[in-house]
Amino acid sequence: SAQFKEATQRKFSAFVNDVRLGRARDLLGNTELLAREIASAVGYTDTKYFMKLFKSRYGMTPTQYRDSST
């Protein structure tokens, strides 16, 4: 991870979260999966943590995001 940070100026964990949350956003817009199912599908074992990160990143809960994209 030190080499990753040196090369990208970002923590590896932040990069992984970006990828996971982006995939979650895609799934919310293109499937009927529940938020807890999406959290698990993208690699989060704690649904509350996933929802907290999602809201922090996008300014709305996964459910609000889905409702706004329809």
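Q: What share of the contacts between residues at least 6 apart in sequence join residues at least 24 apart?
A: That share is 43%. Contact here means heavy atoms within 4.5 Å.

Q: And what am I looking at, a predicted model or something else?
A: This is a predicted model: local features need pLDDT of at least 70, side-chain atom pairs count only at pLDDT 80 or more, and totals for chains, interfaces and linings use all residues. Residues are numbered from 1 along each chain as its sequence is written, and side-chain values use heavy atoms, with hydrogens and water left out.

Q: OK. How many helices and strands are there?
A: Five helices and zero strands, so helices and strands here being DSSP runs (H or I, at least four residues, for helices; E, at least two, for strands), numbered from the N terminus, the pattern along the sequence reads α-α-α-α-α.

Q: What does the C-alpha trace span?
A: About 40 × 20 × 20 Å along its principal axes.

Q: How much of the chain is buried?
A: Buried residues make up 24% of the 70 residues. Buried means under 20% relative accessible area, exposed means over 50%, and partly exposed is in between, with a 1.4 Å probe and protein chains only.

Q: Let's do helix 4. What does its length look like?
A: Helix 4 covers residues 47-58, twelve residues, and reaches 16 Å from its first C-alpha to its last. That is close to the 16 Å expected at 1.5 Å a residue, where the expected span is 1.5 Å times one less than the number of residues.

Q: Which of its residues are buried?
A: F50, L53 and F54 are the buried residues of helix 4. They cover an arc of only 100 degrees around the axis, which puts them on the same side of helix 4. The arc is taken from the directions from the helix axis to the C-beta atoms.

Q: What covers them?
A: The cover includes helix 2 (12-30), helix 3 (35-41) and helix 5 (62-68).

Q: And which exposed residues sit on the face turned away from the buried side?
A: K48, K52 and S56.

Q: What about the ends of that helix?
A: D46 caps the N-terminal end of helix 4, with a side-chain oxygen 3.0 Å from the backbone nitrogen of K48. That is a polar contact: a pair of N or O atoms within 3.5 Å, where within protein one must be able to donate a hydrogen and the other to accept it, and residues adjacent in sequence count only if both atoms are side-chain atoms. Helix 4 is followed by G59, whose phi is positive, near 75 degrees.

Q: Switching to charges. How many salt bridges does a search of the whole structure find?
A: Two. A salt bridge is a side-chain nitrogen of Lys or Arg within 4 Å of a carboxyl oxygen of Asp or Glu.

Q: Which residues do they link into a network?
A: R10, D18 and R57. R10 and D18 meet at 2.0 Å, N to O, while the closest N and O atoms of R57 and D18 are 2.4 Å apart. The R57 pair links distant parts of the chain, with R57 in helix 4 and D18 in helix 2, 39 residues apart.

Q: Where's R10?
A: R10 is in the loop between helix 1 (2-8) and helix 2. Not counting residues up to four places away in sequence, R10 touches F4, K5, F15 and D18.

Q: And R66, what is going on there?
A: R66 is found in helix 5. R66 is buried yet has no salt bridge, and the nearest side chain of opposite charge, E32, is 5.2 Å away. For charge, Lys and Arg count as positive and Asp and Glu as negative; His and the chain ends are not counted.

Q: Which backbone oxygens does the R66 side chain reach?
A: The backbone oxygen of L28 at 3.1 Å, and a polar atom of the R66 side chain also lies 2.8 Å from the backbone oxygen of L33.

Q: Where's T31, and what does it touch?
A: T31 is in the loop between helix 2 and helix 3. Leaving aside neighbours within four places in sequence, T31 is in contact with I38 and R66. A polar atom of the T31 side chain also lies 3.3 Å from the backbone nitrogen of L33.
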